[in-house]
Protein chains: 2
Amino acid sequence: MTGSGTDRTRPPTTAPAPVIILVEPQMAENIGMCARAMANFGLSEMRLVAPRDGWPTGGGLKKGATSAASGATHILENARLFPDTASAIADLNHVLATTARERGQMKRVVTPAEAMPPLTERVDAGERVGILFGRERIGLTNEEISFADAILTFPVNPAFASLNLAQAVLLAGYEWFKATGGEPPFRESNTSPPATRGTILSMFDYVEGELDICGFFPPGKKPVMTANLRDILHRLSLTEQEARTLRGVFKSLAEGPRRLRTPKQPDGA
Amino acid sequence: MTGSGTDRTRPPTTAPAPVIILVEPQMAENIGMCARAMANFGLSEMRLVAPRDGWPTGGGLKKGATSAASGATHILENARLFPDTASAIADLNHVLATTARERGQMKRVVTPAEAMPPLTERVDAGERVGILFGRERIGLTNEEISFADAILTFPVNPAFASLNLAQAVLLAGYEWFKATGGEPPFRESNTSPPATRGTILSMFDYVEGELDICGFFPPGKKPVMTANLRDILHRLSLTEQEARTLRGVFKSLAEGPRRLRTPKQPDGA
């Protein structure tokens, strides 16, 4: 934990990102959940304006905040405490204020998806940016909103518009992470290349030949049924590996249980 | 609450949307938080596969789930219970499975932002779609993932990748709502049109005249200082109303306290 000076330490790998400022958060648990949401999306700098229950890692509150943080304790430990909102943003260059309600202020209103790409440009240019989040029930005061450059609000179902504090931080962080090019933890694991047309046509030949042997095609119907079957199989966009697997499936079915295998004769032979 | 039949009721205003299927959720509170997240983004149909703590609105668990739902009780009341994942998705046409880990399955992997726009097309075309969410700690089994058309995963900080169940539902719902054209609850409240150039130039004339009277411009500096001042003021992109407000501010400053007001004379008059 650090005071309100400039001696905070951050993990050295942390890229510059918006500061998350929680104004008079009422519950230590919410502070912890916000820390977790921040960590999910690469945000690391939290500021607290006069938290009702005091310092989140101090004394009896430590447990509530740190257990809710689910391991994002480095954020709580590096959080800075401020007596009021003005001092918490004094060193920042650009500030957004979140609110769920119209405030009648003549201020630009942006969603997280709109706000974050330009915010990454500011951060890349060396600006210090911050996002204000208000008290759990009553949000930010109109005066606090007047400190900001723009209002950040969330697209939500108007019939059920209440987002809790950590959810709002989560959505802001999520769009920040997306705007910085954040990728999911993995992508398709399939490294087999798409099947060649030769592999596919050879599979068609095989399965159609076996179906002929089984007497699958009613007289005169083979051309249209074959075309339909090929349409189904083409739609699979099989990989080379998958085409081999599927051919194996057809082969195994065609040959039947191993103990019953007997040489087959073509129909009419 | 309804059984696992087809007699569920939904609020009549609810547009078709993906079904959210929670597979063996361990804690009633999490079910409630998921219901809340769903309501935030216009999702209304929840299915529960063998919830560990039983039916969320029944008996002693009611409180945990419904208080966490923060008013989204209609979702809990209409939730349907299923004994296993296969039966919970049997009537659906398209299914996504969420997972945070690579599973080695040769299956398409999509993020919520990628998944939701095509999902809206399916829903618009009358398909029933669903999203599977796994158990809190261990997620979905590989078999359950094999039931799905594609894997849904979330872009998160790889150093801190754990999203809780309700957060995952929240992000999926958020992208769904965005993909359906969901808008924030309000936009700029400013209905005053942009100021005309005439209003702006008249304000320049006024303030520059007053500054002349005050002796603000050092000899020979007026042209460059005037240009700089005009640059600052142009950058404001003032509305007509704001231009009037700002002119009033300059006027009030120029005239000084009302009790001290005396007729001014131009410099050198």
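**Notebook: a two-chain predicted model**

I started with A:Glu208, which is buried, with a relative accessible area of 7%. The cut-off for buried is under 20%, so this residue falls inside it. I note here that the model is predicted. I then looked up where the residue sits: A:Glu208 belongs to helix 8 of chain A, residues 197-214. Leaving out residues up to four places away in sequence, I found A:Glu208 touching A:Phe217, A:Thr226 and A:Arg230.

**Entry: the two chains**

How is chain A superposed on chain B? I found a rotation of 180° with 0.0 Å of shift along its axis, and the RMSD is 0.1 Å. The two copies are thus related as by a two-fold rotation axis. Next I looked at the interface. Of the interface residues of chain A, 100% are also interface residues in chain B, so the copies meet through the same surface.

**Entry: the nonpolar core**

I looked up the largest nonpolar core and found that it has 95 residues. Which of them touch the most other members? They are Leu22, Met46 and Phe133 of chain A, and Leu22, Met46 and Phe133 of chain B. As background, I wrote down that nonpolar side chains tend to be buried together in soluble globular proteins.

I took B:Met46 from that list and looked up its contacts, leaving aside neighbours within four places in sequence. Within chain B, Met46 is in contact with Ile20, Leu22, Ile31, Cys34, Ala35, Met38, Ile75, Leu76, Asn78, Ala79 and Arg80. B:Leu22, one of these contacts, is also among the core residues that touch the most other members.

**Entry: cavities**

How many cavities of 30 Å³ or more does a search of the whole structure find? I noted two.

From chain A, its lining takes Phe186, Arg187, Glu188 and Ser189. From chain B, the lining takes Glu102, Arg103, Gly104, Gln105, Lys107, Val109 and Ile151.

Definitions and conventions:
Residues are numbered from 1 along each chain as its sequence is written. Chains are lettered from A and ligands numbered from 1 in the order in which they are written. This is a predicted model: local features need pLDDT of at least 70, side-chain atom pairs count only at pLDDT 80 or more; totals for chains, interfaces and linings use all residues. Side-chain values use heavy atoms; hydrogens and water are left out. On a 1 Å grid over the protein atoms alone, a cavity is a set of points where a 1.4 Å probe fits but cannot get out, and a pocket is an open set with protein on both sides within 12 Å along at least five of seven lines; lining residues have an atom within 4 Å of a point. Grid points are joined across faces, edges and corners, and a volume is the space filled by probe spheres set on the points. A nonpolar core is a set of buried Ala, Val, Leu, Ile, Met, Phe, Trp, Tyr and Cys residues joined through side-chain atoms within 4.5 Å. Buried means under 20% relative accessible area, exposed over 50%, partly exposed in between (1.4 Å probe, protein chains only). Contact means heavy atoms within 4.5 Å. Copies are superposed by least squares on the C-alpha atoms of residues with pLDDT of at least 70 in both. Helices (H or I, at least four residues) and strands (E, at least two) are DSSP runs, numbered from the N terminus.
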